[in-house]
Amino acid sequence: MATQKNRGALSIRNVTKIYDPEGVNVMAVDDCSMEIAAGEVCMIVGPSGCGKTTLLNAIAGFHSITHGEILLDGELLCGPGKPKADQGAERMVVFQHGALFPWKTLAENVAYGPIVQRTMRKSEAFEKARDMLAEAGLGDVVTKYPGEVSSGMARRAEIVRALINDPKVLLLDEPYRAMDALTKSIMHESLLETYDRTKVTIFFITHDLEEAIFLGDKVHVVTTRPCQLKKTVSVEIPRPRTFETQSSEEFRVLMEEVNEAVHEEAIKAFQAGERELA
Amino acid sequence: MSQNTAILTTRPNLTRPRGLAKVFYDVKKSLTTPTTYLVFAGIFLWLFTWWLLCEGLKVDRFDKLPGPITVAKEFFSVQPFQGISLFTDIYYEHIWVSCRRVAIAFGVATGIGVPLGLFMGWSKRFRDYSFPILETLRPIPILAWVPLAILMFPGFEAPVIFLATLASLFVTTLNTMLGVDSIDDAYFRAAGCLGSSNWDIFKNVVVPGALPFIFTGLQISIGVAWFSLVAAEMVSGDLGLGYLIVDAYVNSVTVPMVIGMITLGFVGWVTSVMVRMLGNWLMQWHVRALALQGR
């Protein structure tokens, strides 16, 4: 896959989202702005239920926004006059609980995108799917169903399913949340390896600080609901990064910096004690 | 070194048995688990209780019912006293007529109910139109439809099939709709992201996602089809297992009544197994995932 430093720049400008369940307005995102450069790994960190996912849903086109605009490479995704973005394969989402179709084998899952978009013939799509799965270390399980493989394998296959469409942006919503620490570290290395190869822009939501610093170029700390940008920390640790990076002094200093900002918000969120929004 | 080889020789067989080996494996497994023996013990206990009530102790009132030995003698007799046995053509004609009616009713109900349920689950607007009607008609007992069915349709055949179809239609539709409801929203979103058209989503998410519920519904619905069919045959009919039972009762012959009941149970069970097998065949992904959980 070609290097794509020149595409996948996201601009989120003054985005506000107000939900209105049972007639009471709930502000999930309030005048939130951030710029994400093409080919950047951008980590969004904030307390649970702060509206991070709302932002991701707006970019992906699952939800409308109330105010503001979101642009991808200068083109309007949603904004005035067009509250909801169209869903499209240039913005691929990897879901929190995983959304591989359980009724399709891994190869069928991965080949699905190119087939329905008619960008490849069926046989071509399957060949590419098998190649890409093999590249991700899943060559032996291409004919298995998602229910038959480990959660780590399934999540990796889901990222392959996204990448086969050659997306501009990869949107990940706490994809490793339910995993144990050991599996997680393997997933991180494999994601970094994928990123080094493709340089796809990554928009990654998490509340795991180590994960954020280890993977990201930028760490955007957001406030508790309504979601606003609180602080941006640039991670200057050179790539490729390995798991040893996490024990370096540089890493520790960044952890402290981010932790301070996040902790404050976590306390506010806890005191508000509100239920998480979808 | 020697210890190493010892470990290697006792390693379990890791290949999955196939073909004849699989059959042997299944038979061996069924003989080494208590399940098989318990099944036979259960059947025996049941027959024994029946025998005790009717023929052994001759409990008051039960002594007028045919016991298992009387039924078995009649059932396997070449010239049965009461007209029905394994060697009479009429026995098979009753089975055939009922099976044909159930097949038609179940087929029509599935053909209408599954698409109807899928659309009701998928389209909010369509559900708003149709769901209240379905919910009002569904609780009406099938027997309450009998007079209307007889008025609406000529002959014996059509009303009976109509009643069985109706009962099974409600079950299938409702389960299919719930099946679509049960699909995690993430799959719809993922499909949207991947560039699916509405038709792609219908084919690749709605139908397979609802399939486990659909087949649960179909298993119930074939049971319901049998039971409403028999009820209908008892009220209006010329042949069929339900008719056989009520006809025997009217003519005060008790053995054919019991033969009809046992036959119904057996045939109903077979059809239900057929539906389940079809479902498992269509849902390999589901079966394999369950198998890994040890179920």
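## Cavity, pocket and charged pairs in a predicted model

Helix α5 (residues 181–198) of chain A supplies the largest share of the lining of the largest cavity, namely 3 residues. Helices (H or I, at least four residues) and strands (E, at least two) are DSSP runs, numbered from the N terminus. The model is predicted, so local features need pLDDT of at least 70 and side-chain atom pairs count only at pLDDT 80 or more, while totals for chains, interfaces and linings use all residues. Residues are numbered from 1 along each chain as its sequence is written, chains are lettered from A and ligands numbered from 1 in the order in which they are written, and side-chain values use heavy atoms, with hydrogens and water left out.

### Empty space

Rolling a probe the size of a water molecule over the atoms shows where empty space is left. On a 1 Å grid over the protein atoms alone, a cavity is a set of points where a 1.4 Å probe fits but cannot get out, and a pocket is an open set with protein on both sides within 12 Å along at least five of seven lines; lining residues have an atom within 4 Å of a point. Grid points are joined across faces, edges and corners, and a volume is the space filled by probe spheres set on the points.

The structure holds 1 cavity of 30 Å³ or more, and the volume of the largest cavity is about 40 Å³. Its lining consists of V41(A), L191(A), L192(A), Y195(A), I202(A) and L215(A). By class, this lining has 6 nonpolar, no polar and no charged residues, where Ala, Val, Leu, Ile, Met, Phe, Trp, Tyr, Cys and Pro count as nonpolar, Asp, Glu, Lys and Arg as charged, and the others, Gly among them, as polar.

The largest pocket holds about 630 Å³ of space. Of its 14 lining residues, R16(B), K22(B), Y25(B), D26(B) and A291(B) lie nearest its centre. The greatest contribution to the lining, 6 residues, comes from α2(B). The classes of the pocket lining are 4 nonpolar, 2 polar and 8 charged residues.

### Charged pairs

Side chains of opposite charge can pair when their charged atoms come close. Over all chains, 29 salt bridges are found, each being a side-chain nitrogen of Lys or Arg within 4 Å of a carboxyl oxygen of Asp or Glu. The table lists some of them.

| Salt bridge | Closest N and O atoms |
|---|---|
| R13(A) with E69(A) | 3.5 Å |
| K184(A) with D208(A) | 2.7 Å |
| R127(B) with D181(B) | 2.7 Å |

In the pair of R13(A) and E69(A), the partners lie in strands β1 (residues 10–19) and β4 (residues 67–72) of chain A, 56 residues apart. K184(A) is in helix α5 of chain A and D208(A) in the loop between β8 and α6 (209–215), so this pair ties together parts 24 residues apart in sequence. K184(A) is buried, with a relative accessible area of 15%; buried means under 20% relative accessible area, exposed over 50%, and partly exposed in between (1.4 Å probe, protein chains only).

Which residue is buried yet has no salt bridge? This is R161(A), whose nearest side chain of opposite charge, E158(A), is 4.1 Å away; Lys and Arg count as positive and Asp and Glu as negative, while His and the chain ends are not counted. R161(A) lies in helix α4 (residues 151–163) of chain A.
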